[in-house]
Amino acid sequence: MLAWHLGIRYLRTRRAAWLALAAITLTVAAPVTVIGVMQGFLDVLRRQARASESDVTVYQSWGGPGIADSRERRQQLLDVDGVAAVGPFVQLYALMTPTFIGDQSSYGLPCQIDAIDWRADEIIGRLRPGLLHPQPVEDLSAPPLKPSERGSGFLTPAWRDELSLIGLRLAPALGLGPLPPPPRQLPPPGVVAGRELLYGSGLGVGERVELVGSAHIAKTAEISDTIGTGILEIDKLSLIVPLGLGQELADFTPTKGRPLRVDGYRLQARPDVDLDKLASRVHEISGRRADTWLHRRANMVKSLEYQRNIMAFVMLAIQAIAVFVVYAVFSTLVAEKRHDIGVLLGIGARRRDIAYAFLIAGIAACGFGGALGWGIGWGLLAFLNFLSKHYGLLLFPQDVFYSPDTPISWDARIPLFFIAAMGIIGLAAAALPAWRASRIAPVDILREGG
Amino acid sequence: MRLEVAGVRKAYPGLEVLRGLDLRVDAGEVVAIRGTSGTGKSTLLHCLGLLDTPDSGTISLDGSELSALSPSRRAEMRARRIGFVFQAFNLLPEFTVLENVLMTARTAGLPLIAARGHALALLDRVGLGGRGWSAISTLSGGERQRVALCRALLPRPALLLADEPTGNLDPATAAVVLHQLLELAHSDGSSVVIVTHDPTIADQAGRRLELRDGKLHPSA
């Protein structure tokens, strides 16, 4: 009680204490801002990586003979404890050539084909609607779409065809009588191209292309949409195609006694399942290699995590400099209040009350300064985006970073971490002055007089 | 309360100040100790108030030996049973009048609500009613010493030690403050030991002693 009373009063009334408060505020505001943005980038990168990866991927070695695909194999994977959904895939490199080019040999865009079962992938949630444009982007030099303008609306020609067939099947049930099948020419399969893949090629949505895979099999397809994950290596190379088309291009169709094959399966885990343990279980049961999304994208995510951690360490080092400010301020405070401390000890204050008073003042300065720094840090982050939104200030080049906003993490654990660190630093800095204050001999002070 | 001091010795390098000093103060008794400068009056008071430790001898309160107490127990005794009034007032300038008075309640761990009422009553009795929220810097010397007196008496100490309590005051103010000190101490039943070199103060004490050659002698 006495310690609180003294500590808070000394903090409030001494101007030197405000200097410590300012140092604490700044050394919390700076890391909150910097790490808030770095964590924001990391969160975006994680989301982007998750857009191209499932929780766990089961696959064969690159260029291998493939895994025989069957309902039983999919069910075997689905039965593994912790697996919620399974989606097969085929991956291969291919050359993409527009059909309107006469001499096709001189125009081939290298691309990495990701052949998927659309429905299975939709269940997995890997290709979220948010990644696909609701309207095909005809003008690829147009500015990026706002996140709110992205969404559903992804319909490949193959899907449109299937929907029309469903309509024909529904007609008798609705009493419309059997409808004659409409005369139609089967469109080529629709494919979704990475945004950057089309960006410099002159190709656009609705164009037809010829794909030649590593098995030297050529197939025609129609670009039905674009996808933008934000990761250049994906957006510049990816071509997402229906599973059947991928199997044809990879020569994975059943021929010469070989079964229908795939390169692997993407698995969606149930919530709160440890992905590393799930990958181990899947590996044991399937006998195939099984990796988590983080393992497969570790180079990208981990490198940014390391950068963030290094920056956090630098910020902690900057915070540590505040030790000297806090120490100097509290040493001055103890020297200034030496007489008062002696009087207090003389009238019965316990030494630990005196020490606690300065420790409490240190913690209170760190708590209040930290909270102020938190507010300033987040205010600054919000102000950055305000400038960007209302005054068109582009903080990052849009051909590198799609969103006009600064990616910001509003995770409260970041400021709380730095406030806690500041609290420990402040406590350490105030400890020696506090100890010195508690060792003052009251009899010496009282002999000195007032 | 009965204070007993037996054979107390205290020396500083090259100087023995107290040389086997004996003293007994009964409950409610007022004792004045006189002496010239440097005779050891303040040293004696600091030993009695457990601020300093004698080199030898015993100090006991109601039969309990105090010299051997741990530092925290000595602090507790100072907070609860011993009041101090200093020549230089020794108030805390960052706190108001009332907060200064309540400081001994805080050190003694008394319930603050009850102590606050007692503090206001004490201030009222010394003529400082309504000044509880004043800053110390706005008070005169006499007012400051009265605040210090209220602070010392708030926990109702068994023993009040006053070191030249009127040394910094003019004679008229000194008389008023001394009167209030004795009156308040008497109403609480506190024993009082006043160290002074002012004969007019000593005259108002029940017993007068003189500190000479490290020992106490009856004074005329």
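**Close-up views of a predicted complex**

**View 1. Confidence in the elements of chain B.** Among the elements of chain B, mean pLDDT is lowest in helix α7 (residues 199–203) of chain B, at 80, and highest in helix α3 (residues 97–108) of chain B, at 93. pLDDT is the predictor's confidence in each residue, from 0 to 100. Helices (H or I, at least four residues) and strands (E, at least two) are DSSP runs, numbered from the N terminus. Chain B averages a pLDDT of 88, and 100% of its residues score at least 70. This is a predicted model, in which local features need pLDDT of at least 70 and side-chain atom pairs count only at pLDDT 80 or more, while totals for chains, interfaces and linings use all residues. Residues are numbered from 1 along each chain as its sequence is written, and chains are lettered from A and ligands numbered from 1 in the order in which they are written.

**View 2. The contact of chains A and B.** Chain A gives 19 residues to the contact and chain B gives 23 residues; two residues are in contact if their C-beta atoms, placed from the backbone, lie within 7 Å. On the side of chain A that touches chain B, the elements giving two or more residues are α1 (2–13), α12 (338–346) and α15 (442–448) of chain A. The predictor gives the complex an ipTM of 0.91 and a pTM of 0.68.

**View 3. Helix α9 (residues 275–286) of chain A.** Leu278(A), Ala279(A) and Val282(A) of α9(A) are buried (20 or more other C-beta atoms within 10 Å of the residue's own, all placed from the backbone). The buried residues of α9(A) pack against β1 (56–59), α3 (71–78), β10 (264–269) and β11 (289–292) of chain A. Gly287(A), with a positive phi near 75°, follows α9(A).

Definitions and conventions
Buried ≥ 20, exposed ≤ 12 C-beta atoms within 10 Å, placed from the backbone.
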